Amino acid sequence: MFLRIGRSSGAVLLSRCLLTGGLSVPKAAWSRNVTALAVGRTRRRRELFYYPNEVCFRNCSTSQAKMNCWNCKQLLDSVPAFFCNSCKTIQPPAEGESYFKIMDCDYTFTVDTQKLQRRYLHLQRFLHPDNFSQRSAKEREYSESQSALVNRAYKTLLKPLSRGLYMLELEGMHLEEGTDSGTDSAFLMRLMEINEAVDEAQTPEDAEEIGRDTRGKLADLTGQIDAALHKGELHAAKALLVQMKYYANIEEKVKGKLSEFM
Ligand SMILES: [Zn+2]
């Protein structure tokens with residue numbers, strides 16, 4: 001339940017990219033988000049949020065380079081490409097591609113979850129292995145791996161906690177389980193009290209009240225994390241995500257308690 005935070009070399013690489021001001025990045029490498037930038041945003045914010053992951057982050061993929069269809073050899077016109085536009089054949093998954101890109105979502109903590117859900121259903125309708133039962137072994141394999149990748153991307157981006165952790169990972173920071181990250185003791189004491197209160201709740205109303213408070217706290221943290229990320233305050237965002245992790249655990253515990261009353 002305790003978390004330790006470390007930095008990977010990706011962060012160093014990122015700082016290097018930031019130092020160069022992105023000048024070495026080919027124009028074509030910028031994601032479409034860059035062009036959607038509102039005028040007047042600060043340079044720092046732009047670089048943090050709209051820097052193309054695939055160019056300078058640890059999770060670099062080579063998929064940014066244009067690929068050819070494995071079947072008809074035509075150049076694929078998008079990255080990631082799920083199908084070839086020419087022969088309509090399913091393509092191998094772009095492993096290492098940013099989940100935000102796979103799900104066609106803006107790279108931001110306040111992701112549009114309704115859009116995310118629509119994209120998920122849309123992709124799965126076409127990628128689902130059931131659609132490929134009569135196709136070649138290769139196509140069946142690609143549909144299974146594409147479908148699994150989309151599932152993973154969707155699940156990661158859907159919940160604020162996993163989304164935030166994933167964003168920190170893309171920025172080169174890790175939250176590893178096992179050790180305390182220096183969360184202050186007053187906070188831990190408070191959490192222990194809430195945990196005890198859940199254990200001791202005598203009625204569904206008692207448990208529900210704690211659940212309400214916890215959801216409020218989580219909503220509060222979501223706003224704070226978003227603000228910290230937008231300001232480029234990664235360490236602050238990390239500390240807030242650790243708090244979110246604790247509150248998310250309490251939320252689960254309350255759910256468990258409520259089911260005991262049923
Ligand atoms: Zn093709």
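These are my notebook entries on what I looked up in this predicted model.

**Entry 1: ground rules**

I number residues from 1 along each chain, as its sequence is written. Because the model is predicted, local features need pLDDT of at least 70 and side-chain atom pairs count only at pLDDT 80 or more, while totals for chains, interfaces and linings use all residues.

I checked the confidence next. pLDDT is the predictor's confidence in each residue, from 0 to 100. The chain averages 78, and 72% of the residues score at least 70. Over residues 1-63, pLDDT stays under 50. I made a note to myself: where pLDDT is low, the predicted coordinates should not be read in detail.

**Entry 2: the whole chain**

How many helices and strands are there in the chain? I found 11 helices and 2 strands. Both come from DSSP runs, numbered from the N terminus: helices are H or I with at least four residues, and strands are E with at least two. Starting at the N terminus, I read the order as β-α-α-α-α-α-α-α-α-β-α-α-α.

Then I looked at burial. A residue is buried if 20 or more other C-beta atoms lie within 10 Å of its own, exposed if 12 or fewer, and partly exposed in between, with C-beta atoms placed from the backbone. Of the 262 residues in the chain, 27% are buried.

Contacts came after that. Two residues are in contact if their C-beta atoms, placed from the backbone, lie within 7 Å. Taking contacts between residues at least 6 apart in sequence, I see that 63% join residues at least 24 apart. For residues 1-63, the model has 95 contacts beyond four places in sequence.

**Entry 3: helix H10**

I tested the length of H10, which covers residues 204-230. The expected span of a helix is 1.5 Å times one less than its number of residues. The 27 residues of H10 should therefore span 39 Å, and the end C-alpha atoms are 39 Å apart, which agrees.

Which residues of H10 are buried? I listed Ala207, Ile210, Gly211, Thr214, Leu221, Ile225, Ala228 and Leu229. The buried residues of H10 pack against helix H8 (160-170), helix H9 (185-200) and helix H11 (234-261). After H10 comes glycine 232, with a positive phi near 80°.

**Entry 4: H9 beside H11**

I followed the two helix axes, which are lines fitted to C-alpha atoms over the stretch in contact, with angles from 0 to 180 degrees between N-to-C directions. The axes of H9 and H11 come within 10 Å and cross at roughly 5°. That makes H9 roughly parallel to H11. The naming goes like this: under 35 degrees is roughly parallel, over 145 roughly antiparallel, 65 to 115 roughly perpendicular, and the rest oblique.

On the H9 side I found Phe187, Leu191, Ile194, Asn195 and Val198, which meet Gln243, Tyr246, Ile250, Lys253, Val254 and Lys257 in H11. The residues of this contact divide into 7 nonpolar, 2 polar and 2 charged. Here Ala, Val, Leu, Ile, Met, Phe, Trp, Tyr, Cys and Pro count as nonpolar, Asp, Glu, Lys and Arg as charged, and the others, Gly among them, as polar.

I also stopped at lysine 245 in H11. Is lysine 245 buried or exposed? Lysine 245 counts as buried because it has 20 C-beta neighbours inside 10 Å. Its C-alpha atom is 9.2 Å from that of serine 162, 83 residues apart along the chain.

**Entry 5: serine 147**

I found serine 147 in helix H7 (residues 137-158). Serine 147 is buried, since 21 other C-beta atoms lie within 10 Å. Leaving aside neighbours within four places in sequence, its contacts are Gln124, Leu127, His128 and Pro129.

**Entry 6: the loop between H4 and H5**

This loop runs between helix H4 (53-56) and helix H5 (99-102), and proline 80 is in it. The peptide bond from valine 79 to proline 80 is cis, with omega near -5°.

Lysine 73 is in this loop too, and its phi is positive, near 70°. Lysine 73 is exposed, because 10 other C-beta atoms lie within 10 Å. Leucine 76 also lies in the loop, but leucine 76 is buried, with 20 other C-beta atoms within 10 Å. Beyond neighbours within four places in sequence, the contacts of leucine 76 include Cys69, Cys84 and Gln91.
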